[in-house]
Amino acid sequence: MMLTLGCIVVICPGSLQYGYMPVRGFLRCTVLSIRHVERPLSGDEQRLQSPRIRSSPLKCRRGFRHGATHIMPLPPLAPKRPQPFVKWAGGKTRLLPILEEHLPCFISEGEDATYIEPFVGGGALAFRILEKYQGVKAVLNDINPALIHSYRMIKEHPDELKKMLKAIEETYMALPNHERQKEYYYRMREEYNRETSDLNVKAAKLIFLNRTCFNGLYRENEEGKFNVPFGRYKHPNIYDEVLIDIDHIALQRAEILTGHYKNAVYGHTEQRTFVYLDPPYRPISKTSRFHGYHGSGFHDKEQKDLKLFCDYMSDRGVYWMLSNSYSLDDNGESYFHQLFKGYRIEEISAPRSINAHATTRKPEKEVLIMNYTEDNKILRHDTKKNIVAPSQQS
C-alpha cells in the first residue's frame, strides 16, 4: 500500500475487493475478500492482506479494473469543533439542527451581527455560531459565577486551567478503587461549595465535578450549594486539552458577563441583534419540582417577567427565540401558548440526555417561540411599558 497526502494508492490483483476508513488521525486499509489471484502478490499487495490491517467488510466501489492501479481521494478528517466543555441539564447539542433552521437570516449572513445568550449554560448554540459564522460577535451571560469564570478562564487563561485540571485528573485516576474516588469527589464538592476567594480554583473544580457527578447534572439547593451526588464513571474525561484550546479560539469573539439576564441585553439593542433565551424550564407537571439550576429558582413569576422582557425587545426591533417545555396550565392548556399568544410558536421533539435511568430517556415535546416570521419579518408587541434592567432599578 502506498500512501500520499489525502489519498490511498490501491493495487488491485484479480478480483480483490477493498475499502478504506479514516480512524482518528491515521488511516487503515480494509481488505474485504480475495476470490482469486492470477499472479504472485507483490510486497505491497501482501501487506494489503495483513491481519493487522484487516477490518469489517466494506463494499467495493465501481470503476476499479483488474490489475490496475487507482488513486482514491480520502475525505478530510473532521477536526474537533468548538463545543460545550460542561454537560448541562437542558443542553441543546442534540437540537442544534432544529435551532439552526430557525435562526434569522442575518446571523447566517454573518456580517455585523450580534448574538446574545443570557442563559448560556453549556453554550451549545453559542459555540456553533462562533464556529460557523465568523462575522458574528457574541455576548454570553449566566447567573452562575463559577460557570462564567470557567468561560473566562478558557478565553483568557487556558494554560492555567489545563494545568489545574491535569493535576486533578492525575490525582483522581491514581486512586485505587471506586470508594476512594467517591471520597475524593465529596471532598472536592465540599471545597467547591466553601470556596469564595480563588475563582480560578473554583472554576477547575466545577469542571471536575461536572465530569464526575451523577449524569453530569448541575443543580443547586435553596442555599446555593451544589448538591449532585457522585456518578459511576470508569474513565471520566476530566482534562480535555484539545477542547479547551479550540474553545479558547472560539471565545475570542465573545464578551462574557455574569448576572441577571436583562443586563446582558441592555446596551445591545442595535440593528441585527439576535437573542436566544434558554431559561430554566417550567415543570411539565405539578409533580415535577425542578425549577432551576441556581439556588434562586425560576418560577411562574419569573416566566411572566421574562415574557414582558421579550415584549420590550420586540418593541426595539431585537430578534429573539426562546425555548421552554410544553407545560400545561391549571386548565390543561399549553402554558406558553397562552403566555406568548401572538408570537410564532412551534412544537418540537427534544431528546433527553439527563434522567435517572438511561432506558427511560424519551423525547419530550418542547416549544420554540420567536418574534419573527419565516421570512424574517419581526412581530412587534404594542406595549409602551418601560422595563429596566435590575442594575438600573432603584
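**Entry 1: L199 and helix α8**

I looked up L199 and found this residue partly exposed, with a relative accessible area of 37%, where buried means under 20%, exposed over 50% and partly exposed in between, using a 1.4 Å probe and protein chains only. L199 lies in helix α8, and I note that helices (H or I, at least four residues) and strands (E, at least two) are DSSP runs numbered from the N terminus. Between the C-alpha atoms of L199 and S150, which are 49 residues apart along the chain, I read a separation of 8.7 Å.

I keep in mind that this is a predicted model, in which local features need pLDDT of at least 70 and side-chain atom pairs count only at pLDDT 80 or more, whereas totals for chains, interfaces and linings use all residues. Residues are numbered from 1 along each chain as its sequence is written, and side-chain values use heavy atoms, with hydrogens and water left out.

**Entry 2: the chain as a whole**

I counted 12 helices and 12 strands in the protein chain. Of its 394 residues, buried ones make up 47%. Taking contact as heavy atoms within 4.5 Å, I found that, among contacts between residues at least 6 apart in sequence, 71% join residues at least 24 apart.

**Entry 3: helix α9**

Which residues of helix α9 are buried? In this helix, residues 241-250, I list L243, I244, I246, D247 and A250 as buried. They cover an arc of only 170 degrees around the axis, so they lie on the same side of α9; the arc is that of the directions from the helix axis to the C-beta atoms. The cover over the buried residues of α9 includes α4 (124-132), α5 (145-156), α6 (158-174) and α8 (199-212).

**Entry 4: aromatic pairs**

I then turned to F274 and Y372, whose pair is edge-to-face, at 6.4 Å centre to centre and with 75 degrees between the planes. Here too distant parts of the chain are linked, F274 being in strand β9 and Y372 in the segment after β12 (364-370), 98 residues apart. F274 is buried at a relative accessible area of 0%, and Y372 counts as buried at 1%. I also noted a cluster in which ring pairs link F119, Y261, Y266, F298, F309 and Y312.

**Entry 5: charges over rings**

For a charge to sit over a ring, I require NZ of Lys or CZ of Arg within 6 Å of the ring centre and within 35 degrees of the ring normal. K202 lies over the face of Y192, at 4.8 Å from the ring centre, and R282 lies over the face of Y335, at 3.8 Å from the ring centre.

**Entry 6: Q303**

I placed Q303 in helix α11, and its relative accessibility of 2% counts as buried. Leaving aside neighbours within four places in sequence, I found Q303 in contact with P280, Y281, R282, F298, N324, Y335, F336 and L339.

I took a nonpolar core to be a set of buried Ala, Val, Leu, Ile, Met, Phe, Trp, Tyr and Cys residues joined through side-chain atoms within 4.5 Å. The largest has 68 residues, of which Y115, Y151 and F274 touch the most other members. Apart from it lies another core, of 25 residues, among them Y266, Y312, M313 and L339.

A113 is in strand β6 (residues 113-117) and counts as buried at 1% relative accessibility. The C-alpha atoms of A113 and V136, 23 residues apart along the chain, are separated by 5.0 Å.

**Entry 7: cysteines**

How many disulfides does a search of the whole structure find? I found 0 disulfides, with a pair of cysteine sulfur atoms within 2.5 Å as the criterion. C213 counts as buried at 0% relative accessibility, and C310 counts as buried at 0% as well.

How values were computed. Phe/Tyr/Trp six-rings, centres within 6.5 Å; stacked < 30°, edge-to-face > 60°.
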